[in-house]
Amino acid sequence: MAETTESGRSLRIRILGPLEVTAAGREVPVTAERDRIVLAMLILHAGRVVTSGQLIQAVWGDGPPATARGQIQTCVSRLRRLLPAGKLVTDPAGYRISTAGDDVDVAVFADLTRRARAVADTAPGDAVELFREALNLWHGAALSGVGSEAVRRRAAVLDEERAAAIEDCIDLELAAGRERDLVAELTGLVERYPLRERLRVQLMLALYRTGRQADALAEYRRARDLLHDELGIEPGAALQDLHRRILSGDVPQAPGARATALPVHSLPRTVGDFTGREATVDKLLRASADATVLAIDGMAGSGKTTLALRVAGLLADSYPDAQLFLDLQGHSERQPLEPEAALLALLRQLGVAPERIPSDLEGRAVLWRTELARRQALVVLDNAASSSQIAPMLPAAPGNLCVVTSRRRLTGLDGVHPESLTVLDEAEAVALLARIVGARVEAEAEASREVVRRCGLLPLGIRLAGGRLAHRPHWRVADLVERLGESALPELAAEDRSVAGAIGLSYSQLPSRQQRVFRLLGLHPPGRFRAVAVAALADLPLDDAQGVLDALVDVHLVEEPEHERYRLHDLVSQYAATLAETLPAAERRAALAGLVNFHLHVGARLAREREGGQAEWDLPTEAPDRPELVAHALADAGWQEEHRGGLVPLIRLAEGIGLPGHAWRIARANWRFLFHHGYLADVIETCTAGLAVAEAADDRHGIAVMDNYLASGYWRSGRVEEALARVDVTLEYHVHTGNMAGEGLARMNRCSVLADLGRVDEALAEADRAYRLLAGIEGHSPSVLARVGLGNTLMMVGRHTEALWHGRIALQRIVETKAGYRLALALLSVGQTRLRLGHLVQAERLAEAALVVARRHGIRTDESESINLLGAVALAQGRPTLAVERHLAALRMGREHGRMPRVAQYSNDLARALRAIDDVAGAVELHRQALDAARRSRYSLEEGRALNGLAACLVADDSRTARRYWTQALEIFTRMGVPEKDEVARRLAELGL
């Protein structure tokens, strides 16, 4: 807060907390209670007259003494002696305190919050800073310690304004994704303001977004109970809506003296439709206060020159003596300007006579710096070729600013502020198109978004596309989308300007080896890549590939969005692809075969590490072409996570170069990672692509393998009948070829699918046949799977003792054979059985062990199963709040992975826990969600459980509906032959049936 000086003294008054007065840097003690009330009233009405009657009312209320007016005069006299002269003014109507705008903290607070709200929509980051600055002025409740009722009423208004500012600020910070930073603060604020529902909503939202869904629901229950107990009301609409959404998973910155030379203004005209880049412009403007050189680099067409001229225009008034512009031709069809020629041009712009300009570079550089030292000058050096080209032109004297643009990162310059331009964001890109084209853009919003996407969000591309549309008023935006097609590059041209030409200039200046690698990158599937993949593609040593990529990044032909992770801009990729088409067919095939071989063997090695001998049935056993590259990739634990989005393009590439066996094996090699991590959509997509290749090649073994693993994705995602059809194809193949192990696994998979469909007798028969087929294959995982599957099926029909026996043997075999990734599966099977037998201590220990194993091996599906089992154990132990937390975590993971059958199961389990804590409405909502998920995925057991749960929730208020639900549940359970039928029959009997 600034100091206001009057009569040689300064005054500061703080009322946003205890009343404090400081004059001339020293605290002024206002100790008498009446004096404090009078001063508080004057400050609360700063700049306005407060009558004697108002002050008397504030001090004594409705019962003032006869001497009240005189005592007020005495109070004013004492205050006048304490405050700087002239601050407390007597008026015929009363008294007035005279303060400057920043004398009193409340005035500063009001100004800061007003400014914050004014920019909240356009500059939310600035608004947050202003709000936080305003809130930092507070150090307690307004005027705390001043007991007057009149003062407290006014202070309460200020406290309300503080709370509103907090809420407005936190809304902006939540919108910026700062939930983790806000949870602790919001928790304290809710304790301070327990009845403010908006803060509760913000806290629940922050908790939910940080993965603490159970805490968010608990916060709702606390708010509901408090509002009911304190005010006798239910939570407001915002709180109730967020509660419902959480349950359904739908949450959504002093130049020197003037030079005496004549001013020179030679900046070119800027575009009139400059759009976007506001944050970058602000950043550069702030940086200009400290840096003498702003270096803007970016790919061809990214708008570097336009941005540089925009910044220069905004700063022009600060550099009144000279505003210069020079195109250094670093990336043009002409040769780059030599530094001597560039300095000559700049000196002539300043008006230096030719006879005064030396002929040598050093002499010209000295004269240039001498001329700049006499001026406040702004220089724009556009299109620089290199650091060495511009080094002699950079200003050395303070008071000057140089703005440089280049397609190359000017890493050879010291003491500069670098700014690398990315493409526009979509909103900025559409806004630019609208500035060029007009109302058609808003009228065809989706088509306009598609135009800018096909232009790669590149400013030059958008300007060229927009120019075509602007000159064709009879075209719709959709017509332009059609013209641009899938490869927009040829269409983005006008007269002598084109995006392809701009990219081509950058390419033409590359050394031959960099040009070769860039051409080969046109063959790489879209998306990110690493140096190791480029080494495989270009048949280069890894270090050489890394060096080439670094060089391509420096000239913005390759982007590096993360450390050593690379990609091509869409339009650059299209340009590279056109170059790749010119390569001889043999060279293209050799490059792609190297890439495919590398990725296949990385996936195969990882599959063998996870699966052991089973992986050998389907995966290549020969050595990779580049074992050192495979070893390098395997050293990164996150390799498969990073590359899972590129598997389908690799499969299609392999097919395209005549390697169908490699193609479907890529899907097979990566299946277990995708399946265990819950990436079911990826399982389905990759196995569908692999199956299509195997079918086209009439590879019966490949078809059977792909059908088997495609069935796993269908099954886990709730497409159960499709899963059964695929499993049947695999089973038929293995029966036909006499592969007992393959037949046993297919029957085991068929058992799981049939159980979900409610065909339990058939499932049990398949489980028994699978067990008999696989039991003799000791030392291999199939026999273990057979016991686990048979045990799970027996458990479903209530044969718990037999189920436990099979599960325990499976667990022992897994430990003996060290098949660690199977361990969680067996632990869960035994744990589920223990729970049903009422062995809660053992069940909890088994579930905890399964969770540790699942997390160690990264098996997300088993992790959610373990958490859900722990929730069921907690409920059985009489700890329903803990059960809610665990079931909610499991449900979140099930939804995240798209596991519809498990969504149904976890929703039912969570509903039971919610009913145990008397959240019947929440339980009904979850059972309804479970019912929907179960019916969509044809999961009969959970359909019955959902109906049973709904009936139990509704029976007290609506016995007719409860009876209908129980009747439906009984039909399902009886058809399946599961023990749950007995409980439902008993409940119906209690209703009189």
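Q: Which residues of α24 are buried in this predicted model?
A: The buried residues of α24 are A545, Q546, V548, L549, A551, L552 and V553.

Q: What span does α24 reach, and what span is expected for it?
A: Helix α24 covers residues 542–554, which is 13 residues. From its first C-alpha to its last it reaches 19 Å, close to the 18 Å expected at 1.5 Å a residue. Just after α24 comes H556, with a positive phi of about 60°.

Q: What makes α42 a helix that is largely enclosed?
A: Of the 17 residues of α42, 14 are buried, so the rest of the structure largely encloses this helix. The cut-off behind that count is under 20% relative accessible area. As for its length, α42 (residues 900–916) reaches 24 Å from first C-alpha to last, close to the 24 Å expected at 1.5 Å a residue. Just after α42, D918 takes a positive phi of about 70°.

Q: Why are α40 and α41 called roughly antiparallel?
A: Let's set the angle against the cut-off. The axes of helix α40 (residues 860–876) and helix α41 (residues 880–897) cross at roughly 155° and come within 8 Å. Angles over 145 degrees count as roughly antiparallel, and α40 and α41 are therefore roughly antiparallel to each other. The crossing in which α40 passes α41 is left-handed.

Q: Which residues make the contact of α40 with α41?
A: On the α40 side they are R860, E863, S864, I867, N868, L870, G871, A872, A874 and L875. On the α41 side they are P880, L882, A883, R886, H887, A889, A890, M893, E896 and H897. Sorted by class, this contact has 11 nonpolar, five polar and four charged residues.

Q: How do you know whether E863 is buried or exposed?
A: E863, which sits in helix α40, has a relative accessible area of 9%. The limit for buried is under 20%, so E863 is buried. Apart from neighbours within four places in sequence, E863 is in contact with L851, A854, R855 and M893.

Q: Why is α6 called roughly parallel to α8?
A: Here the angle falls at the other end of the scale. α6 and helix α8 (residues 197–209) pack at about 25°, with their axes 10 Å apart. That makes α6 roughly parallel to α8, since the cut-off for this word is under 35 degrees. α6 passes α8 in a left-handed crossing.

Q: What makes up the contact of α6 with α8, by residue and by class?
A: From α6 come A164, I166, E167, D168, I170, D171 and L174, and these meet R198, L199, Q202, L205, A206 and R209 in α8. By class, the contact divides into seven nonpolar, one polar and five charged residues.

Q: Why does W966 count as buried?
A: W966, in helix α45 (residues 959–976), has 0% relative accessibility, so W966 counts as buried. Leaving out neighbours within four places in sequence, the contacts of W966 are N948, A951, A952, V955, V984, R987, L988 and L991. As for V720, W966 is 246 residues away in sequence and 25 Å away in space, C-alpha to C-alpha.

Q: L143 has a positive phi although it is not a glycine; where does it lie, and is it buried or exposed?
A: The phi of L143 is about 50°. L143 lies in the loop between α5 (124–135) and α6 (149–175). With 0% relative accessibility, L143 counts as buried.

Q: What makes D698 exposed?
A: The relative accessible area of D698 is 54%, and the word applies over 50%, so D698 is exposed. D698 is found in the loop between α31 (680–696) and α32 (700–716). D698 is not a glycine, yet its phi is positive, at about 55°.

Q: How many helices and strands does the chain have, and what share of its residues is buried?
A: The chain has 46 helices and 17 strands. Buried residues make up 55% of its 993 residues. Taken along the principal axes, the C-alpha atoms fill a box of roughly 100 × 95 × 60 Å.

Note on methods:
Residues are numbered from 1 along each chain as its sequence is written. This is a predicted model: local features need pLDDT of at least 70, side-chain atom pairs count only at pLDDT 80 or more; totals for chains, interfaces and linings use all residues. Side-chain values use heavy atoms; hydrogens and water are left out. Helices (H or I, at least four residues) and strands (E, at least two) are DSSP runs, numbered from the N terminus. The expected span of a helix is 1.5 Å times one less than its number of residues. Buried means under 20% relative accessible area, exposed over 50%, partly exposed in between (1.4 Å probe, protein chains only). Axes are lines fitted to C-alpha atoms, for helices over the stretch in contact, and angles run from 0 to 180 degrees between N-to-C directions. Angles under 35 degrees count as roughly parallel, over 145 as roughly antiparallel, 65 to 115 as roughly perpendicular and the rest as oblique. A crossing is left-handed if the near helix is turned anticlockwise from the far one by less than a right angle, and right-handed if clockwise. Contact means heavy atoms within 4.5 Å. Ala, Val, Leu, Ile, Met, Phe, Trp, Tyr, Cys and Pro count as nonpolar, Asp, Glu, Lys and Arg as charged, and the others, Gly among them, as polar.
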